[in-house]
Amino acid sequence: MDQERELFAGAEVARDRQKAFGIFLAQERLAGDAVGEALDRRARPLRLGDIECANRVVMAPMGTNYSTTDGLSTERDRQYYAERARGGVAMIMTEAMVVTAEARPHHNSLCCYHDRFIPGLASIVDAIHAHD
């Protein structure tokens with residue numbers, strides 16, 4: 001009789017585990033669907049006012065410190081941003097830029113306070129747009 005109770009109890013535990021595992025699998029499937037839907041939404045085009053983006057991947061601004069000590073952009077700046085565009089980022093916000101000669105937070109930050117910086121910054125834009 002004790003042996004029968006043990007078998008019965010073992011079968012109950014096994015059934016409970018199966019139920020729990022089945023619920024777990026169902027939850028995982030639902031979570032996977034939600035992740036899949038989020039990834040699908042990320043690939044959809046996005047319109048922000050007059051700006052139309054190919055997808056919803058946006059790169060936040062980050063400081064690279066790749067510019068020259070006088071604030072001019074470099075080939076490394078262009079490559080950095082072009083790589084992100086090539087990788088599928090639809091909207092790229094460039095790093096913070098120095099807007100006055102007196103406001104340099106560090107020596108290798110991009111500057112935009114004088115017209116001499118425009119050609120280099122334009123070349124960064126061109127490098128990004130080459131991957132539209």
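User: Which helix gives the most to the lining of the largest pocket?

Analyst: H3 does, with 4 residues. Lining residues have an atom within 4 Å of a point on a 1 Å grid, where a pocket is an open set with protein on both sides within 12 Å along at least five of seven lines. This is a predicted model, where local features need pLDDT of at least 70, side-chain atom pairs count only at pLDDT 80 or more, and totals for chains, interfaces and linings use all residues. Numbering runs from 1 along each chain as its sequence is written, and side-chain values use heavy atoms, leaving out hydrogens and water.

User: Which residues are closest to the centre of that largest pocket?

Analyst: Val89, Ala90, Met91, Ile128 and Asp132, out of 18 lining residues. The pocket holds about 330 Å³ of space.

User: What makes the contact between them?

Analyst: Contact means heavy atoms within 4.5 Å. Among the residues making it are Tyr81 and Ala85 of H2, and Ile124 and Ile128 of H3.

Notes:
Helices (H or I, at least four residues) and strands (E, at least two) are DSSP runs, numbered from the N terminus. On a 1 Å grid over the protein atoms alone, a cavity is a set of points where a 1.4 Å probe fits but cannot get out, and a pocket is an open set with protein on both sides within 12 Å along at least five of seven lines; lining residues have an atom within 4 Å of a point. Grid points are joined across faces, edges and corners, and a volume is the space filled by probe spheres set on the points.
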